[in-house]
Amino acid sequence: MAFTFVAQFVTVFVMLCGFFAVHVNAYQGLRVLSNVQLNSSAISASVTFEGITNLQCYKRVQSVAYPYKIGSIKCEKNVIKFELTRNEENPQSREIVADEFKAGRFPSLCSYGLCSPTGPSALDFFVDFNLEFRYHGVKYEVDNIRIGQETQVDDENGSSEKLYWIDSRSCARNFQSLSCEVDTDLGVELKIEKMSESSFQTSIVPLGDEGLSSASKVFVSRFELQGTFDLECSIVAKEITSPYEIRNISCSGNTVTFEVTGREASESVADAFNTGVSGSLCSSGVCSPSGPEALNYFAILDLKFISRGSRFEVENFKIGQTGRQDSETGETTYYYWFGSRGCLREADFLYCELKGTRGVEWKVQNINAGSSVLTSVVGVRP
């Protein structure tokens, strides 16, 4: 009897070992591509966001693993297309790219299968974007969205499949979806759900209990100074309608970027903007000669930039944001006011002093573009 029991035990043990062996081998059969050199001279990849249209993307940062570099990125309709070319001098491993992707981020979401709660372990590449798109005809913006590609290889047949990872500091993960902040005051958020290896399902939904709290929101807005290059800025002062905060102001390329916790126009902020300003102009519509009546926030900046091949400086330049709401759609269009004690206005032009120069001044033009103006360095008017 004891022999029979031992025999049965051994039989069950062997069956269990076989069960786990099969399942472990099945799991190990599909592995993440690590430091494997691919033979292709170029790679094309794309990720689709079902549900949105008119997609536009603005690249912030990128990271690519050996032996490639990103040759081009195109956004059209609802697809982001990547073209990679060989770069034998690129030393980065896929593990390093994945670590950079996850640095300082919330839990990320993959496009297919079971997403590891710790995020990807190895990535071919990732790109950080600011995205603009339309959903049911309404325009939205999402900032700091990070999209990365992972390659998995089947050890048995050598085939490979690619999937994508997505996350952002402005997103929170809810099981199989992400809830992300959008640049609007309409009380909605962007919901991103896994769909297939190379696509996500997207929709705009009302803010809910599972979404981000208003206390965690940061709205990112950009003001573009066309005609300037290598823009730098130093913050002299800043002001925003209470109880909100200006979290950060940065300058890069030709753009000033503001990160604020809320946007509510107030007369007191506009009064502070108008104080000490000799001339001011707005970036959209007809600009009152007396300056703005209400602003969400403004900053006083010392600007340095390159124009016409030379470097120039403008001191104590004020830039403030306001908005107007469409009575039919409820959509708010944001635009800017700008000016300084050293500026004079003529119609839709502002002429500003340049520090340490003679015979030239900085011309800023309202081109009715909302978040963009046209600038140039010109000779001083007679």
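The legends below describe close-up views of a predicted model.

**View 1. Confidence across the predicted model.** The average pLDDT of the protein is 82, and 84% of the residues score at least 70. Where pLDDT is low, the predicted coordinates should not be read in detail.

**View 2. Strand S9 and its pairing with S6 and S8.** Strand S9 covers residues 160–167 and runs antiparallel to strand S6, residues 109–110, with 2 bridges joining them. Strand S8, residues 138–154, is also antiparallel to S9 and is joined to it by 8 bridges. Isoleucine 166 in S9 stands opposite leucine 109. Isoleucine 166 is also the bridge partner of isoleucine 147. The hairpin of S8 and S9 has 5 residues between the strands. In this hairpin, glycine 158 takes a positive phi near 80 degrees.

**View 3. The largest nonpolar core.** This core has 46 residues. Phe49, Ile80, Phe82, Phe133, Ile147 and Ile166 touch the most other members. Strand S7, residues 125–135, supplies the largest share of the core, with 7 residues. In soluble globular proteins, nonpolar side chains tend to be buried together. Another core, of 41 residues, lies apart from the largest one and includes Leu225, Ile319, Cys352 and Leu354.

**View 4. The surroundings of isoleucine 80.** Neighbours within four places in sequence are left aside here. The residues in contact with isoleucine 80 include Ala45, Ser46, Val47, Phe49 and Leu55. Ile73, Lys74 and Cys75 are also among its contacts. Phe129, Leu131 and Ile147 complete the list. Of these residues, Phe49 and Ile147 are named, like Ile80, among the core members that touch the most others.

**View 5. An open sheet of 7 strands.** The strands follow the order S16-S17-S14-S25-S24-S23-S22, and their pairing is mixed. Strand S16 (246–252) and strand S22 (343–346) are the edge strands, each pairing on one side only. On average, neighbouring strands of this sheet are turned by 20 degrees against each other, direction ignored.

**View 6. The pairing of S23 and S24.** Strand S23, residues 349–352, and strand S24, residues 360–365, run antiparallel and are joined by 4 bridges. Phenylalanine 349 stands opposite glutamine 365 in S24.

Methods. Residues numbered from 1 in each chain as written. Heavy atoms only, no water. Pairing = 2+ DSSP bridges. Axes fitted to C-alpha atoms, helices over the stretch in contact; angles between N-to-C directions. Core = buried A, V, L, I, M, F, W, Y, C linked by side-chain atoms within 4.5 Å. Buried < 20%, exposed > 50% of the residue type's maximum accessible area, 1.4 Å probe, protein only. Contact = heavy atoms within 4.5 Å. pLDDT = per-residue confidence, 0-100.
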